[in-house]
Amino acid sequence: MNVKRYFAPTAREALRALKEELGADAIVLSNRAVEGGVEILALPADAVGALQSVRPAPAAPRAPAPAPTRQMAAPIDDEDFHLSLSGLAAGVVPRSAAPQPPRRNPDPVMRPFNPPRIDTSAPAPRSNAAPAPERAAVMRSRVTVEDGGRQAAPVVERPSARAAEDARVRELQEANNKLMAELTGIRGMIERQLAGFAWGETRRHAPARAAMLGELLEAGFSGTTARQLAEAIPEDATPDQAHAVVRAMLDRKLNARSTDDDLIDRGGVYALVGPTGVGKTTTTAKLAARCVLRHGAGKLALITTDGYRIGAQEQLRIYGRILGVPVFSVRDAADLRQTLGELRNKHIVLIDTMGMSQRDRMVAEQAAMLSGAGDVRRLLLLNATCRGDTLDDVVRAYAGPDLAGCIFTKVDEAASLAPAIDVAVRRALNVFYVTNGQRVPEDLHLPNRAYLLHRALREQGGESPWHLNGDEAGMMLAAAGQGA
């Protein structure tokens, strides 16, 4: 066999070379892509006759084979070309080289339709005797449908069912409130009984302590402070020893300033605050006079923010003219800040503020205005004639980090100083001064500890209706649910 090999970069060039040498009837045996191009093996057309002559004769006569049909070579594409053998080479080309018919996709399989599965959280009623509307309501409220991994929202319940549920919840709440009120009453009764037992035990084992406790409550001390002071008394103490123990303990707890070093000598900006009628303007004038006597009028300035009370500013101006001290009036925080900036060379600046109730929300606004104006410290004026719980409310309303301490006013009008001292001890307030009259500056004094404790621990006379007899102190503690 005279097989020719043709190699070219492309199949078209290889075929062109093949036809030029072997003619258009040449037989292509194979073609393949090799490194660097395409390789084609071919035979001349006359070589087919020689190839057929060397075939063995068939054993049996065969039907005449159909004449080979010559097929024209299909157009060749460089990237994906197909070659068809000439009709003369049909008998020598292996069957595997023949083009295979395209495979047909298998016919689609028809599957039965499965509807979406429905799940219910409640078991389905087994009996068909249940009313159909109820089953429908259950299905509407509880059914969820699986649809692509998402669940449908439950259907809204009927208004009548919701109203019934709300009514049942309200009934349960009312029952709970009633039960809690009964339990609270029982608890209070038990606490009072126990407090009475404790008071009886205290009177038997520590009579001096029990008597001193009664005196403290009678003087106006709170139950908390009285009980703490009485606990320091030994069980076998005498009445005099009990008084000495309580007096010493109060002396240690009371932060009373005995000199002017902390306020007048140190200097600074102080604002006198407090409820109405507590004596802020008069006390401001007293402090100003004390400062003038110590440092001179040139070291002092007065500011008033009281634009509400009629004649308040004029009253302070009169005091300023008497003392030879300038008085300034400010309207708001910005004005106060500017005024304080102009008075920065003064040793001490006193600010008279507007009085307001401890329950007034303007107390917080006033504190914010003063704190926003710079380094302003506040002095709280406490009326010594008020009850302890009232003074406690005042201190709670005016409390803050810039609260320097307090001044007891109207000490001469108070029957007892126990409420004021009780609040000062429990709130850890510094007591700078006490006032006992309207004279300027005579009625402003440094706190005398002995005098204050004497006024606080002074016993009520037997004829006083406020004197506690027998077990009345124990009854007060029992009513408050506190033991001795």
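Biologist: Which residues in α7 meet Arg 449, Ala 450, Leu 453, His 454 and Leu 457 in α15?

Modeller: This is a predicted model, and in it helix α7 covers residues 239-253 while helix α15 covers residues 449-457. The contact of α7 with α15 has, by class, 5 nonpolar, 1 polar and 3 charged residues. On the α7 side, the residues that meet those of α15 are Val 246, Arg 247, Leu 250 and Asp 251.

Biologist: How are α7 and α15 oriented to each other, and what is the hand of their crossing?

Modeller: The axes of the two helices lie 11 Å apart, and α7 packs against α15 at an angle of about 125°. Angles over 145 degrees would count as roughly antiparallel and those from 65 to 115 as roughly perpendicular, so α7 and α15 are oblique to each other. As for the hand of the crossing, α7 passes α15 in one that is right-handed.

Biologist: Within what distance do the axes of α4 and α5 come?

Modeller: Helix α4 spans residues 159-205 and helix α5 spans residues 207-219, and their axes cross at roughly 125°, so α4 and α5 are oblique to each other. In this pair, Trp 199, Thr 202, Arg 203, Arg 204 and His 205 of α4 meet Pro 207, Arg 209, Ala 210 and Leu 213 of α5, a contact that has 4 nonpolar, 2 polar and 3 charged residues by class. The axes of α4 and α5 come within 5 Å.

Biologist: Is Thr 353 buried or exposed?

Modeller: Thr 353 sits in the loop between β11 (348-352) and α12 (362-372). Leaving aside residues up to four places away in sequence, Thr 353 touches Ala 271, Leu 272, Val 273, Lys 280, Thr 305, Asp 306, Gln 366 and Leu 370. Its relative accessible area is 1%, so Thr 353 is buried.

Biologist: Which residue has the backbone oxygen that the side chain of Thr 353 reaches?

Modeller: Among the residues that Thr 353 touches are Ala 271, Leu 272 and Val 273. The side chain of Thr 353 reaches, at 2.5 Å, the backbone oxygen of Leu 272.

Definitions and conventions
Residues are numbered from 1 along each chain as its sequence is written. This is a predicted model: local features need pLDDT of at least 70, side-chain atom pairs count only at pLDDT 80 or more; totals for chains, interfaces and linings use all residues. Side-chain values use heavy atoms; hydrogens and water are left out. Helices (H or I, at least four residues) and strands (E, at least two) are DSSP runs, numbered from the N terminus. Buried means under 20% relative accessible area, exposed over 50%, partly exposed in between (1.4 Å probe, protein chains only). A polar contact is a pair of N or O atoms within 3.5 Å; within protein, one must be able to donate a hydrogen and the other to accept it, and residues adjacent in sequence count only if both atoms are side-chain atoms. Contact means heavy atoms within 4.5 Å. Axes are lines fitted to C-alpha atoms, for helices over the stretch in contact, and angles run from 0 to 180 degrees between N-to-C directions. Angles under 35 degrees count as roughly parallel, over 145 as roughly antiparallel, 65 to 115 as roughly perpendicular and the rest as oblique. A crossing is left-handed if the near helix is turned anticlockwise from the far one by less than a right angle, and right-handed if clockwise. Ala, Val, Leu, Ile, Met, Phe, Trp, Tyr, Cys and Pro count as nonpolar, Asp, Glu, Lys and Arg as charged, and the others, Gly among them, as polar.
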